[in-house]
Every structure is written in structure tokens, then in C-alpha cells.
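I opened my notebook to go through one protein chain. I wrote down what I looked up, entry by entry.

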Amino acid sequence: MPGLLYCGTEYGMYISYDYGSSWKSFQLNLPEVPITDLTIKNNDLVVATQGRSFWVLDDLAVVQNQQKNITSKSLFLFPVEDAYLRDGGSIGETVNAGTNPPNGVVFNFYLKNFEDSNSVKIDFYDSAKHLIKSFSNKPAKDTGKAEIWHGMNKFVWDMRYTPAEKVDSMILWNDNIPGPKAIPGIYSVKIRTAKDSVEEQFRIKANPNFKQTREEYAAQFNFLIKVRDKFSEVQKGIKNIRELRSQINDFIARQGKDTAGPVKNMADSILKKMTKVEEALYQTKARSSQDVLNYPIRLNDQIGGLYDYAASGNYPPTKQVTEAYDFLAEKADAELATLAAVLKNDIPAFNQLIREKQLPLIGLPE
């Protein structure tokens, strides 16, 4: 920004917006100690002090745009700094240590006249304008949660795509599968309110500590997406089984003696088939965190473990990982095909029998 100057003195930090004609204190949380040197690196201000090591002010974009009449705008997005792919997070709560920058892409924006009843949505797109992930202060099923405030806001996208389907209260050794991280390239963000929207491109850069090529990044990403989607198929199958089982059991309990004979026999047959599939997909004996040690994990947990292994480094999927996925996917597909046959054949036949008895039908919600 023309006219913007920083000055370090023996009394602290100062800033000028008019080429040095006037100065204001720019101390923030910096101790009042002599400043021996200043530099700007990747648009971060680095301050060397005498006796207190050095300090870093991340992302000067907010400071650099301070005089652009931002408060007169209903929505303003500050320029977005490039971000690097990296592992880890903040350095922790150590009292004598600094805090690392957020592990993700940082978006600073100003929102005027915001109220809790207002809806704000933040969408992320790849270079082909395909939607990656959405966040909102009023999230729906597939939308993440974003805390939004009147005035200045900071949102950090962790660069991850949508996570796999999750089953509440399910105990897994490998936990749920997160979405894979975006690979290096050009992306865009769009922030929308009821009346305004802003859009900005940004770049995600490769981790300079690794020599992974773009093709290798893409191969790893595509494999992780495939594993995530297979895990989601399995989890959705388990959800469908539990929904149908609940309906059938409730139906049998409500009807009492009216379900004796063919209706009860068919219900038991369907439940038995679905239970066999569920027990192949998930370790149903797991009731506590220790049970995954006592009983062998099943297909969903095995696929989750495969994802964790394939995502643990910076390299494309190995031959062994690919073969392991093919083996697990084949077994999962066989179980899901059995479940699909139940939904296609057994449930309609069961409902036909219920119609003949003039009783409520069974089925998944639309």
C-alpha cells in the first residue's frame, strides 16, 4: 500500500499511513523493548527485538487495506494469502512460546449490519468451479459450521474435502474418515449473504519439504477420494439396515398377535439377512472403546485403517495399498449387493403381505 511504513525504535513499534508524516503506536501484544530489525517475508511482518527474540505478525493484508472505506461496505473480503500444505497445528499452550499460524487458508472479511437471524454461506471451489465444501452459520446436513460475527471475521479452511458418511455413536478403531486435503493449485472462495456476495481466488502451494510431483499429488488424492466414498457406501448401508430394523421391530411390537404366521416369519427372515450383512460390515459387539481390542474389526474399520495409512505420507498409493483396497472393496460390494437385494425384493414382498393384512407399510424415507 502506498504510504504505509513501519518503524521500530528503542521504545517499540510504530506505523504510518502517509509516508511518515505522522506515526501511530503499533505495539499490539509486543513488549516495550528496543527493536533492532524489521523485514517482510511472504507478507508477514517479522520483528527482531533486543532481549525478547523475534515476533511475527501474520498476513498484513488487513493492515494494508485499512484505508479503503471498508466499514462503508456491507461485505468486504480482504486479499487472501497463499497457503502451504503442511501437517501439524499450533505449538500449544507453552507460556514462553509463540503460536504457529493456523493450519489452513485464512480468510479475513468484514460484515456490516450482521444479526443472528442472517444467513452467511462460505463456498470453496476447485479450478474447474466444482464445489468442494460449504460452511454456514446456519448449516444444513452437508454444510459445515462457521461462526459469524458483526464486523471483522476470520475463517480458516483446513483445505479438506467433505468427510465420509458418519454413523452416530459408532465405535471404531480407526475413527471416521476425514475428507482428503486439497492438492496444490488454484482455488476460489465465495462468501454470500442474502443481498451481497464476494469471490476471490487463492493458491495452495506444495509443501517445500517434499519433492512430490503434481501427478503424484493427484494420484494420492484420487485414491483417498475413492476410499472415502467406499467407506461412505458402507456406512450408508449400515444406516439403512438400522432404519429398516427399527421400523420392522416397531411394526411387530405394535401389531402384536396380528403379526403371527407368515408376516412374522417374513419379518424374521429379513432381519436375519440384514443382521448378517451388518455384522460383516461393522463389529456390532463393540460397546466401548476397549471392545475393538477384544473383537476383530470389520470391513468399515478396515477400510478406515487403509485410508489412514494411504494418507499418512506424501506419496501416491503403493501396489500393496491398491491391492488391499481392491480386496476390501470386493468384500464390501458383495455385502452391499445382498442388502440391495433385500431392499429390491424382500421389502416389497413384505409390504405386499402387509397390504393384504391392511397394516402400515415398511420403507426408507425419501
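**Entry 1: helix α2**

How far apart are the end C-alpha atoms of α2, and what should its 42 residues span at 1.5 Å a residue? I looked up both values, keeping in mind that this is a predicted model. The 42 residues of α2 should span 62 Å at 1.5 Å a residue. I found the end C-alpha atoms 61 Å apart, which agrees. Then I stepped just past the helix. There Gly256 takes a positive phi of about 60°.

**Entry 2: the whole chain**

I listed six helices and 15 strands. The C-alpha trace spans about 95 × 50 × 40 Å along its principal axes. I also looked up the radius of gyration. The protein chain has 28 Å, while a compact globule of 366 residues would have a value near 21 Å.

How much of the chain is buried? I noted 41% of the 366 residues.

**Entry 3: helix α3**

I moved on to α3, which runs over residues 262-281. It has 20 residues. From its first C-alpha to its last it reaches 29 Å, close to the 28 Å expected at 1.5 Å a residue.

Which residues of α3 are buried? My list reads Val263, Ala267, Ile270, Leu271, Met274, Val277, Glu278 and Leu281. Why do they lie on the same side of α3? They cover an arc of only 125° around the axis, so they share one side of the helix.

I then looked up what this side packs against. The buried residues of α3 pack against α2 (214-255), α5 (299-310) and α6 (319-356). The face turned away from the buried side carries exposed residues. These are Pro262, Asn265, Lys272 and Lys276.

Thr284 lies in the loop between α3 and α4 (291-294). Is Thr284 buried or exposed? The cut-off for buried is under 20% relative accessible area. Thr284 has 18% relative accessibility, so it counts as buried. Leaving out residues up to four places away in sequence, I found that Thr284 touches Glu278 and Glu279.

For contrast I picked Glu356, which has its place in helix α6. Glu356 is exposed, with a relative accessible area of 55%. I also checked Glu356 against Thr275, 81 residues apart along the chain. Their C-alpha atoms are separated by 26 Å.

**Entry 4: the three-stranded sheet**

In what order do the three strands of the open sheet lie? I wrote β4-β5-β6, with antiparallel pairing. The edge strands are β4 (35-41) and β6 (54-57), and each pairs on one side only. Neighbouring strands of this sheet are turned by 20° against each other on average, direction ignored.

Val46 stands opposite Val56 in β6. The hairpin of β5 and β6 has four residues between the strands. In this hairpin, Gly51 takes a positive phi near 95°.

**Entry 5: the six-stranded sheet**

Another open sheet has six strands, in the order β8-β15-β14-β10-β11-β12. Its pairing is mixed. I marked β8 (83-84) and β12 (144-145) as the edge strands, since each pairs on one side only.

How many bridges join β10 and β11? I noted five, in the antiparallel sense, between residues 121-125 and residues 131-136. One pair I wrote down is Asp123 with its bridge partner Ser134 in β11.

Most residues other than glycine have a negative phi.

Leu28 has a positive phi of about 50° although it is not a glycine. Leu28 lies in the loop between β3 (24-25) and β4. It counts as exposed, at 61% relative accessibility.

Asp175 also went into the notebook. Its phi is near 65°, a positive value in a residue other than glycine. Asp175 has its place in the loop between β13 (151-157) and β14 (185-192). At 53% relative accessibility, Asp175 counts as exposed.

How values were computed
Residues are numbered from 1 along each chain as its sequence is written. This is a predicted model: local features need pLDDT of at least 70, side-chain atom pairs count only at pLDDT 80 or more; totals for chains, interfaces and linings use all residues. Side-chain values use heavy atoms; hydrogens and water are left out. Helices (H or I, at least four residues) and strands (E, at least two) are DSSP runs, numbered from the N terminus. The expected span of a helix is 1.5 Å times one less than its number of residues. Buried means under 20% relative accessible area, exposed over 50%, partly exposed in between (1.4 Å probe, protein chains only). The arc is that of the directions from the helix axis to the C-beta atoms. Contact means heavy atoms within 4.5 Å. Two strands pair if DSSP finds at least two bridges between them. Axes are lines fitted to C-alpha atoms, for helices over the stretch in contact, and angles run from 0 to 180 degrees between N-to-C directions. The radius of gyration is taken over C-alpha atoms; the globule rule is 2.2 Å times the number of residues to the power 0.38.
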